[in-house]
Amino acid sequence: MRTRTTAAAITGAALLLALAACSSEPDDPGLTAETMVDQLSDLYPLPNARDNTSSCNDGKGHKDSCKQLITTDPVSVYELSSEASAKKWTKQMDGVNKNAAVQAGRFMLVWKAEYPSDQDAVDEMTAKAQKIAAEK
């Protein structure tokens with residue numbers, strides 16, 4: 001009986017240590033598609049921001065699934081798990097429905113053809129997105 005009690009106590013202590021380690025993760029999730037949109041909005045307005053992650057992530061953990069998708073009227077910002085995934089997605093999406101896709105680190109920005117944007121604004125926001133992604 002004493003052996004079971006000791007084993008249970010050790011298992012309980014190990015579980016508490018594991019939970020403590022998990023809870024000590026930083027509160028800052030780092031750069032996300034949402035924070036990327038927020039930072040790009042400092043340059044130009046990006047109206048009607050909405051979370052459309054469910055349209056690009058089926059929840060099955062595919063390595064190339066997006067982690068987050070924030071859609072605005074002129075641009076959609078996809079957060080991917082890696083730069084390789086972003087490169088793959090960008091290559092596949094560029095030119096689809098006349099939209100322009102560009103990579104910024106592990107992010108992909110898709111500029112919508114039906115929402116014309118000044119090319120200088122697109123270039124400036126793309127450069128800023130690439131700089132932000134490189135810093136994180």
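Predicted model: local features only at pLDDT ≥ 70, side-chain atom pairs only at ≥ 80, totals over all residues.
K98 is located in the loop between α3 and β4, and its phi is near 65°, a positive value in a residue other than glycine.

N97 is likewise placed in the loop between α3 and β4, and although N97 is not a glycine, its phi is positive, at about 55°. With a relative accessibility of 63%, N97 also counts as exposed.

## The aromatic pair

The structure contains 1 aromatic pair. The ring centres of Y78 and W89 lie 5.7 Å apart and the ring planes stand at 40°, so the pair is classed as tilted. The two partners come from distant parts of the chain, 11 residues apart, with Y78 in strand β3 (residues 75-79) and W89 in helix α3 (residues 83-93). Both Y78 and W89 are buried.

## Helix α4: span, cap and faces

Helix α4 is made up of 17 residues, and the distance from its first C-alpha to its last is 24 Å, close to the 24 Å expected at 1.5 Å a residue. The N-terminal end of α4 is capped by D118, which has a side-chain oxygen 3.0 Å from the backbone nitrogen of D120.

The buried residues of α4 are A121, V122, M125, T126, A129, I132 and A133. Viewed down the helix axis, the buried residues of α4 fall within an arc of 130°, so they line one face of the helix. These buried residues pack against α2 (33-40), β4 (100-104) and β5 (107-111), whereas D120, K131, A134 and E135, on the other side of α4, are exposed.

## T126 within the buried face

T126 belongs to helix α4 (residues 119-135), and its relative accessibility of 11% is the reason why T126 counts as buried. A polar atom of the T126 side chain lies 2.8 Å from the backbone oxygen of V122, and V122 is itself among the buried residues of α4.

When neighbours within four places in sequence are left aside, T126 is in contact with V102 and W111. These contacts can be read alongside the packing of the buried residues of α4, whose partners include β4 (100-104) and β5 (107-111).

Conventions: Residues numbered from 1 in each chain as written. Heavy atoms only, no water. Phe/Tyr/Trp six-rings, centres within 6.5 Å; stacked < 30°, edge-to-face > 60°. Helix = DSSP H or I, 4+ residues; strand = E, 2+ residues; numbered from the N terminus. Buried < 20%, exposed > 50% of the residue type's maximum accessible area, 1.4 Å probe, protein only. Polar contact = N/O pair within 3.5 Å; in protein donor to acceptor, adjacent residues only side chain to side chain. Contact = heavy atoms within 4.5 Å. Expected span 1.5 Å × (residues − 1). Arc of directions from axis to C-beta.
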